[in-house]
Amino acid sequence: MKKIIFAAIATLFVTTMSAQMSDKFMAAMQSKVGMVDSIRDANSLKDLAAAFERIGDAEKTQWLPYYYAALCEVNATNIEMTNGGAVDMGNHSDKTDPAADRAEGWLNKAEALSKDNSEIFVVKKMIATLRLMGDPMNRYMTYGPEGGQALETAKKLNPDNPRIYILEALDKYYTPEQFGGSKDESKQLFQEALKKYDTYKPESAIHPNWGRVLVNTMLAQMK
Amino acid sequence: MTQFAVFMKKLLCVFHVFLPVFVFAQVTISGKVADKKGPLPDVSISLKDTYDGAITDSLGHFSFKTSEKGKFTLVVSSVGYKPFEEEITIEKTNLSYNIILKEAITEMKAVVVTAGTFEAGDKKRAGVVLTSLDIVTTASANADVTQALKTLPGAQQVGEQEGLFVRGGTAAETKIFIDGTLVNKFFYSSAPNISGYGRFSPFLFKGTVFSTGGYSALYGQALSAAVILESIDMPDRTTATLGLSVLGIDAGYQHVNKKKTVSWGADYNYTNLGLAYLVIKQKQDYFTYPGISEGHANFRIKTSKSGMLKYYSDYSFSNFGFREPSIDSIGYLNLFKLKNVFIYQNLSWKENLGPKWKVNMGVSYTNNQDHVDNRLQNSEYGDVSFFKNFYAEPTGIYFNSKAYVERKLRGLSAIRFGSEYNFSNDKGVFTGFLGTPTNYSVKENITALFAEGDVYITNGLAAKLGTRLEHSSTLDKFNMAPRISFAYKTGKSAQASVAYGIFYQTPEAKYLPSANPLTFLKATHYIAQYLVQSNQRVFRAEVYYKKYEELIKTGLISGRDAAINNNGSGDARGFEFFWRDKKTVKYLDYWISYTYLDTKRNYLNFPYETTPNFAAKHTASIVIKTFALPIKTGFNLSYTYSSGRPYYNIMWDGAKYYFSDKGFTPDYHNVSFSLNYVPSVGKQNPRSFVVYVVSINNIFNIKQTYGYEYSYNGARKEPIVPPSRMFVFIGAFFSFGTDRTQDAINNNL
């Protein structure tokens with residue numbers, strides 16, 4: 001009996017320890033993933049990106065931390081550029097390029113761990129847009145189609161990913177009408193995204209599920 | 001509940017009670033990160049293999065808590081710095097570190113050796129000057145590469161001849177390279193005093209480097225300048241194109257496979273100036289309007305992740321014929337007829353062999369055949385015997401190849417070495433007015449070896465050291481040409497560079513073979529440059545001195561002007577400014593260039609040293625572009641000024657050459673305007689795309705005099721002027737399956 005108890009305790013101890021490991025990962029991630037949607041301050045987002053990077057480096061086999069690191073870096077830079085009063089980010093490739101390089105480095109690590117992932121292609125599109133905005137004059141040729149293609153691939157991999165429609169909607173929203181932008185079409189796309197959220201089930205609590213806040217803010221703005 | 005279960009629960013409780021103890025036993029690790037210059041923000045600090053770490057704030061401070069215990073590695077990293085690692089032991093006490101990072105030499109920060117060079121293309125590294133869209137939206141350029149380069153400092157506004165006359169050099173001193181290999185007949189064959197256009201569309205190229213001196217040892221056989229064109233790699237998508245204009249029609253198809261690893265395409269165009277010449281009166285009376293029938297074919301294959309095989313070919317047939325009043329015999333006409341058949345093939349391959357080695361190879365073949373008929377006729381178009389009459393069939397067969405490898409060294413430093421081989425056979429039949437055909441053939445083999453090193457001493461100081469060894473089979477001589485340049489960063493976006501180099505080229509084929517032993521022509525360049533480049537703005541100032549030695553001198557040998565020796569010499573000095581600004585005024589892009597040139601030379605049949613007729617003291621250009629969104633139209637304007645150029649007539653008095661007349665042409669002014677209407681701007685992802693173009697060259701109909709032409713006896717002189725003062729072009733270009741709208745607009749934003 002004692003032997004059984006000992007064995008049971010030992011087993012329990014081991015399983016608790018391993019659960020502890022992934023619990024530790026889950027816990028660390030969960031506390032941070034929630035912040036991805038709520039933090040709107042560039043510096044805090046950069047801290048968050050670095051924190052995700054550290055988790056990714058330590059775990060080595062998880063794509064999510066690197067994915068979030070890339071996402072936060074892009075978001076941080078977008079906020080930084082627009083807050084600085086440079087709403088047309090056109091002339092700041094000296095700032096946007098290093099950020100895009102960092103984000104791309106992380107996203108490549110994520111992609112190496114998780115191939116053909118719709119979410120990763122969404123961030124690819126975001127990086128392409130960031131690069132394009134650095135010097136639109138000379139870069140539409142390359143990064144316009146590159147971003148479009150990434151989004152197409154994302155759609156092919158998972159047409160129910162709501163974030164694809166958010167990016168399409170944002171493109172429509174911020175493009176001047178003369179260039180093919182349209183507030184009406186943008187609104188439709190945001191609504192489409194909202195519909196997708198209703199049925200979208202993330203794989204786990206730490207899998208990508210961001211964007212809903214943004215859609216609601218944008219739709220409220222458009223009323 | 002069994003006893004066992006109760007026990008387990010209690011045990012778990014024990015764990016849960018103890019767990020927070022571990023969590024609370026935290027240690028703070030803090031410190032400061034700096035480099036030689038001061039604190040560094042945004043540096044990432046982490047404990048290897050844990051989640052713990054931080055990034056530094058704007059003052060370089062960092063601080064984080066960790067509950068880890070034992071030996072760990074503290075990793076400190078920041079882009080542009082060498083990574084820093086330290087083994088640390090975490091116990092109970094808080095830890096503090098002062099970390100100094102060392103700068104790594106990186107492409108982002110390092111200075112670029114730029115003396116003498118204008119680099120264009122969408123590269124991350126600064127230096128963008130002209131893209132292919134810049135070229136087609138430069139009003140005076142008519143979508144011609146070299147015409148657009150003439151709006152940059154260094155080049156002269158020579159309109160009576162094709163080619164680039166750079167810093168006191170002749171057009172033959174500028175060589176053009178596509179994907180590394182020399183292009184022998186870049187321009188369409190033309191009549192005397194009418195400039196020929198370039199054969200190659202600006203859309204073929206992703207990068208244009210215009211080097212007005214001091215260029216790399218990879219390039220030779222050019223005393224003055226090198227235009228280095230790099231063709232585009234893989235097109236973005238499959239497209240079909242159609243163009244209609246007052247000058248002709250073109251159609252093409254370009255296929256790209258889904259994986260973007262293979263593409264092929266072909267196009268055909270037919271150009272005929274007849275319609276335009278009916279409306280725009282030409283100086284010449286054409287009996288055959290200039291017509292060009294031309295086909296292109298290409299393929300590109302991605303041979304690996306980094307490798308690319310590219311093929312491009314051009315087949316063209318062109319002809320024209322006109323009569324104009326003879327300058328030699330009043331009341332008589334001079335007939336000029338030209339037929340040209342041209343074949344060009346270029347194959348290039350580049351590949352990375354491992355992380356350190358890179359291979360570049362290219363071969364090109366050109367076959368160019370002209371049939372030229374020049375005769376004097378009476379007013380009834382009957383032939384009249386005259387000593388200037390001739391019929392010639394010059395044929396040029398050219399084969400060029402170049403191969404080199406690059407080995408990356410520490411940091412950004414690298415060495416490159418390789419060889420180049422140029423074969424040319426200029427042959428043909430020349431029938432003078434006496435009617436006896438003479439066959440000639442000049443074969444030349446130039447073999448070259450070159451080596452070059454990029455040495456990055458720090459991010460702020462770099463050097464390029466190279467040398468080139470050449471052998472010419474016709475001259476049976478060797479030359480060795482060293483090239484050295486340095487660049488030093490003087491500020492965040494400013495740098496100063498200097499360059500020195502010796503440049504050789506063999507005499508032009510028309511002076512070969514020679515009864516007298518000849519040698520290489522030689523030029524030595526000394527250049528100093530100051531460059532400030534920030535986003536959307538470029539300022540460049542350059543001063544130079546160029547010394548010419550061993551230029552060809554000619555004399556009259558059995559009635560023909562022929563090379564006698566290499567005793568010619570000369571020099572050129574000057575300064576140049578360039579300013580481009582896309583930032584100050586929204587939607588407006590403009591550049592201004594100014595060139596001051598002081599040059600003299602004694603070459604060919606010059607009686608003594610003088611300023612040649614292709615050199616103006618002052619040259620300036622202003623190019624302005626803007627795009628009006630509401631009307632979807634781009635407006636482009638350019639103004640070019642050049643002070644009067646010298647003209648002269650050189651005659652033979654029986655013993656020596658002398659200037660029978662000398663003077664300066666009036667100043668040259670040209671205002672050109674073009675507009676592009678892009679109706680598909682409003683559509684998102686249109687299936688087809690169309691651009692309407694109207695361009696007017698010399699809009700104010702200003703009289704432009706390039707020089708003077710003299711009758712054989714020097715008794716009459718007539719101004720050399722463009723065939724028509726003003727020229728208007730109207731066209732529409734359709735593209736299916738692609739969207740170039742954004743290119744057209746954003747080029748102008």
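Let me begin with helix H4 of chain A, residues 93-113, which has 21 residues and reaches 29 Å from its first C-alpha to its last, close to the 30 Å expected at 1.5 Å a residue, where the expected span is 1.5 Å times one less than the number of residues. This is a predicted model, in which local features need pLDDT of at least 70 and side-chain atom pairs count only at pLDDT 80 or more, while totals for chains, interfaces and linings use all residues. Residues are numbered from 1 along each chain as its sequence is written, and chains are lettered from A and ligands numbered from 1 in the order in which they are written.

The buried residues of H4(A) include A:Ala99, A:Arg102, A:Trp106 and A:Leu107; a residue is buried if 20 or more other C-beta atoms, placed from the backbone, lie within 10 Å of its own. Over the 223 residues of chain A, 46% count as buried, and the secondary structure of this chain comes to nine helices and zero strands, helices being DSSP runs of H or I of at least four residues and strands runs of E of at least two, numbered from the N terminus.

Turning to chain B, we have domain 1 (22-100) and domain 2 (117-559 + 570-746), with bounds that come from an automatic or database domain assignment. The centres of these two domains of chain B, taken over C-alpha atoms, are separated by 57 Å.

Four strands of chain B form an open antiparallel sheet in the order S4-S3-S6-S7, where two strands pair if DSSP finds at least two bridges between them. Its edge strands are S4 (53-55) and S7 (84-90) of chain B, each of which pairs on one side only. Strand S6 (residues 70-77) of chain B is joined to S7(B) by seven bridges, and B:Lys71 has B:Thr89 as its bridge partner in S7(B).

Finally, confidence: the predictor gives the complex an ipTM of 0.78 and a pTM of 0.81. Chain B averages a pLDDT of 88, pLDDT being the predictor's confidence in each residue, from 0 to 100, but the value stays under 50 over residues 11-23 of chain B. Where pLDDT is low, the predicted coordinates should not be read in detail.

Notes: A residue is buried if 20 or more other C-beta atoms lie within 10 Å of its own, exposed if 12 or fewer, and partly exposed in between; C-beta atoms are placed from the backbone. Two residues are in contact if their C-beta atoms, placed from the backbone, lie within 7 Å.
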